[in-house]
Structure formats: structure tokens, C-alpha cells
Amino acid sequence: MKKRSSSKRQIQLKGIPAAPGIAIGKVHIFGTEDIVPDERVVSQKEITTEIKRFRKALKLTRKEILAIEKKISREMGIEHGKIFSAHLLVLEDSVLVQEVIAMLKKKKKNIEFVFTEVMNRYMKVLSEAKDEYLRDRISDMTDVGKRILRNLTGAEDKKLEDLDEKSIIVAYDLSPSDTAMMHKGRVLGFVTDIGGRTSHTAIMAKSLEIPAVVGLESITDKVKNGDEIILDGIHGTVIVNPNKRFLEKYQKEKKRYEYLEHELIELKMLPSETLDGKKVAVAGNIELPEDVASVISHGAEGIGLYRTEYFYMNREDLPSEEEQFNAYKSVAARIKPNYVIVRTMDLGGDKFLSQLDVPKEMNPFLGWRAIRFCLARPDIFKSHLRAILRASVYGNIKLMYPMISGISEFRQANEVLEEVKKELRKEGTPFNEDIPVGAMIEVPSAAITSNILAKEAAFFSIGTNDLIQYSLAVDRVNEKIAYLYEPAHPAVLRLIKMVIDNAHANNIPVGLCGEMAGDISLTAILLGLGLDEFSTSPIAVPEVKKIVRSIKFSDAKKIAKEALAFTSGAEVQAFARAKLIELVPDMAMELVG
Ligand code: PEP
Ligand code: MG
């Protein structure tokens, strides 16, 4: 190995962790240059030839994408193949094709030039979109656009599969096809200037298990080919030209991470039960039907929270009952015989609806949100409930209302549910008559009156993301006061204990589906308080399971009791971490922050 030059300056950067893992290696800058076609005037006679060339390039592109789709579906599963079906849709977009042809006739310039102009306009609109999901679709569009352009100009296709040395890829952006073609053995990881958590590139990286950090803004300006680089895809950290101390630290962490990964995979199929035999459910949270694959692959025992409001976002119109039914049905059927808790839409707060004229509010988190919105718009709520009920015969669906503040709201929602059930019965449409209906406990008033709610709800799921913000009066999205947002605050722990005790006194189970469920430093406390279900992002499922399987319930109860005696969140947190290190030392590196 070449001696590292001491003159190279170490740079540490923070980006968005897109796929977990640690990679250490040499930089390989991947071609970011765009294909810039020449501008040429074409005669009236040439227009037909240009259109023919365009159609031929579209045909060829289609053939290429179909081949990739087939390869990816075979190697990585249909879910990932589908990304390329979306690419085919871009190709088949007759508006785009017609627009290019119309521009060609009008401008009388060569087709590749006209095509680039139209594509650039589309990209500009997408890049200005407020919505993260839409912005993340740029790379799909660029991917197809570049492919068409390459087929028009005959430019050479650079491929990551041709890489001949193990490297860490540094790029402005990577398209899903670039990512799909990565050779796991050679590509140690990748980092990009742009990109978000929900981009298909990030999704594919996770599936390929290639560590990745995206959204680093200008990493491409800060590195050269051959530079040494460390990539920490767990925390989103990238270190260019690391000094000896960092290098050694990350080499150790990499080894531990790989050991842990190996261990966690082993326990994926094992039950989540404590050393002394207490069983709890470790489930996954999903936002979109596609997420079911990840829930299953991480060994979750069900879906503890399906955030259906994502169906209503990023679109111009309201989703139809049929569309929703198909989605809920597919989720229920795929997770079967395990359960899925379908939470009725939780719009409002920081999740806005573009298609409805919802007035701006001074305090959206305290405003017209979730069940409040649904009860005020029975037309929308009913079609939502109809879809869920109709899907309930295809699997094990439980229903849950968000933002319940007390028994009256729970009853009102159930009245609407009863009306919908009556309609379905009258029509002869099948549904599960005994569908369990639970309440989210995320408003302090619901926690405090949980003894009342527990008499009518089939189960509870504690939404700590909101329960913390409301009980501590800390806006969950305001970074200025983030230091006050303490899951281990004694007030939060007492509320959680109260909810669990009230539920158990009434023989109903309690889950917890906020981010706190995936915070492994708090797993022992929650377990000791008697929680029946942890529902977390799929990626955290094996870690939570590992903790559950490494401790005794009797010890967890003692830990919970001790934790409740502390006077501040900081004390509880320090105690919880120390206990984790003591009881499950090999998980200590997974502690975030
Ligand atoms: C919560 O509040 O903890 C929760 C799971 O719901 P959301 O994050 O969607 O508000
Ligand atoms: Mg919530």
C-alpha cells in the first residue's frame, strides 16, 4: 500500500445516511459529466428523419430498460424491478414525446438538442417541487433522459460494473440503473452530492447492502481519485483523508459492525423473547405498500403502524376507494398471517394535503389534524374506512385512530365506522365484522384517561413522537429546542407507565410505534414497564430483537423501576446507556449520538 501523504488535509462531512454500514477505501469519481449535444439547424425535409431517429432511440431505450428490469427482478426481487417499470412510464409518456416532436417542428433544431431542452424544463419543475418525494424522482427522470440521449448520440455508456479496483464511488448523483449495476464486491460504498432518503438510489443501496451517504452537497469538489475515504452509512459521516486515529477507530467499528450484522441476521428468524421466556412483538412501521418487503426481510412479526396518510400526499387528487382498497389488500395479503395495524390517515401537522383547501393554521400540530379532520370530513373518512374494511378479509387487519384526545372522539369515530359497516352489509360486501379497533395514545389527555379508553378500545399504540411533543411542549420539528425533546424525561416515562398499567388492568395489549421504539438504549426500560409490542422502522427491528433476547424480563422490570426513580431525563438516559453497555456490550456501538 502506498504511504499516505501527511500533507493531505482531513475533511469531515455530514450527509444523509442512506444505507447502513462502514466502508474504508479509495475514491473513484464516477463520471458526472452530462452529455451536451451539438446544436444544429435541420431543414423541413430532415424533420421526418429526426422523428424516426427519436422513435428508434425510444425503442432501443425501452429494450435496454426491459433488460435491466428483468435482471434486477431476477437478482433483487420484483419490488426493485418495478423501479424500472416506472422508467418505462417516463418513456411512454405521450405528452413528453409529443412535446419533443412539436418543439422539433417549431424550432427546427436537431432532435437531441430539442430533447435536452424539453428534459431540462421538466427537471427544473421537479427540482423546484416542495415535496421531497417528487424531488427524489429527478434521478429517475435523469436516468431515462440520459439513456435516450446516449442512444441518440451514440455516446459511450460508462458502467460501474466495469470497475476494476475495489473503491468508494463519489458522484454528483447516481441513477437507479448505475446503482443496480454496482458490483457489490468492487463497490465498497458510495457517496453523492445530492439525493434524499427516499430516492430509489438510496432504496436500492439498502437492498444491495452497500453503505451509502447522500446529500453531501459538494463532496465531488473536495476529493480526487485515489484519496482515502471513510464512509459511515449509519450516522451519515464521511471523512476524506482520515488521520491515523480516525482510520484505526473506523477500522475497529467496521469489524464490530460486520460482526453484529452477521449476528443480527442469524436472529432474524428467532422469536423475540427474553432470556426468561417473556414474549413481546417486534413489528415494523411502513409508509408505503412497497415497504412491506423490508418489514419481512428484517424479521418483523407484523406491521405495528401503517401510516396511510402518505396515500393522500404528493398528488393532485384524492385517492379513490378502489385505489386504497387495492393497496391495503396487498399489504394485508403479503404480511399474512401476521398482522397489520392500519392507522387511519393522520393528515395535518407537518403532513399537508395539497389537493384540499386546508387553511393555514397558527399551530398546525394543535389544529385540524388526524381524527379531527376525518370527523369533520365524513365523505373522505368514509371512503377511507370502506377501503380498509373491504381489505380486512384478505389478511389480519387491525384498525387504529390517531390523535385521539378522549373517549368522545373515539366513540364518534366508531359511529362513522358503524355507518360504513352498515352500508357494506347492505350491499353484501364482505368485511371482517370483528376487526379490532384501537386508539393511538399520543395526546396527554388520552394517556391520562387511558383507564376509560381501555374499556372500549381493543388495543393501544403509544405514539411517542407526538406524546413527547405535547407533554413536554416541544415542537417535534423545531431544531432550536430539539435539546428539550427527551424521550427519557420522567414525565414521558410516567405517562407510558400509566398507559400500560391501565391497558393491562383492562386486559388489552399496548404497543409503542414512535421513534422511541427503535432507541435501543430504552428497550430494557420499555420492556420492564410491560410493553407488549415495539413497532419501529424495519431497519431497527433486528437490534431491538437482539436486546430483547439478551436480557431477562425480571432484570428489565428492575431497570424500569430504577429508571422511574430518577429526577431528570439526562439521568435516565445515562443510566439506560450504562445498563445497555453492561447487559449487551456488543450493541453499545449502535447507540446513536
Ligand atoms: C407518533 O406520533 O409517535 C407516531 C407514530 O405517529 P406520527 O409520527 O406519524 O405522528
Ligand atoms: Mg403521531
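This is a predicted model: local features need pLDDT of at least 70, side-chain atom pairs count only at pLDDT 80 or more; totals for chains, interfaces and linings use all residues.
Figure 1. Ala473 sits in the loop that runs between helix H18 (464-471) and helix H19 (490-505). Its phi is near 55°, a positive value in a residue other than glycine. Most residues other than glycine have a negative phi.

Figure 2. Phi of Met403 is near 60°. This is again a positive value in a residue other than glycine. Met403 belongs to the loop between strand E12 (396-401) and helix H15 (407-427). Its relative accessible area is 1%, so Met403 is buried. The cut-off for that label is under 20%.

**Figure 3. The cis peptide bond between Lys336 and Pro337.** Lys336 and Pro337 are joined by a cis peptide bond. Omega is about 5°. Pro337 is placed in the loop between helix H12 (321-335) and strand E11 (339-343). Most peptide bonds are trans.

**Figure 4. Ser461 and its contacts.** Ser461 is part of strand E14, residues 460-462. With a relative accessible area of 0%, Ser461 is buried. Residues up to four places away in sequence are left out of the contact list. Beyond them, Ser461 touches Gly304, Met400, Ala439, Met440, Ile441, Gly511, Leu512 and Cys513.

**Figure 5. Gly195, a partly exposed loop residue.** Gly195 lies in the loop between strand E5 (187-192) and helix H8 (200-208). Its relative accessibility is 30%, and therefore Gly195 counts as partly exposed. Phe325 is 130 residues from Gly195 along the chain. The C-alpha atoms of Gly195 and Phe325 are separated by 32 Å.

**Figure 6. Lys252 on helix H10.** Helix H10 spans residues 244-267 and includes Lys252. Lys252 is exposed, because its relative accessible area is 62% and the cut-off is over 50%. Glu39 is 213 residues from Lys252 in sequence. In space, Lys252 and Glu39 are 54 Å apart, C-alpha to C-alpha.

**Figure 7. Domains 1 and 3 and their contacts.** The protein is divided into three parts: domain 1 (11-31 + 158-262), domain 2 (46-153) and domain 3 (274-591). The centres of domain 1 and domain 3, taken over C-alpha atoms, are 33 Å apart. Eight residues of domain 1 are in contact with seven residues of domain 3.

**Figure 8. The whole protein, for orientation.** The secondary structure comprises 23 helices and 16 strands. Along the principal axes, the C-alpha atoms fill a box of roughly 80 × 70 × 45 Å. Of the 593 residues, 51% count as buried. Among contacts between residues at least 6 apart in sequence, 69% join residues at least 24 apart. The protein has 86 positive and 85 negative charges, and their mean positions are 3 Å apart.

Key:
Residues are numbered from 1 along each chain as its sequence is written. Chains are lettered from A and ligands numbered from 1 in the order in which they are written. Side-chain values use heavy atoms; hydrogens and water are left out. Helices (H or I, at least four residues) and strands (E, at least two) are DSSP runs, numbered from the N terminus. Buried means under 20% relative accessible area, exposed over 50%, partly exposed in between (1.4 Å probe, protein chains only). Contact means heavy atoms within 4.5 Å. Lys and Arg count as positive and Asp and Glu as negative; His and the chain ends are not counted. The place of a charge is taken as NZ of Lys, CZ of Arg, CG of Asp or CD of Glu. Domain bounds come from an automatic or database domain assignment.
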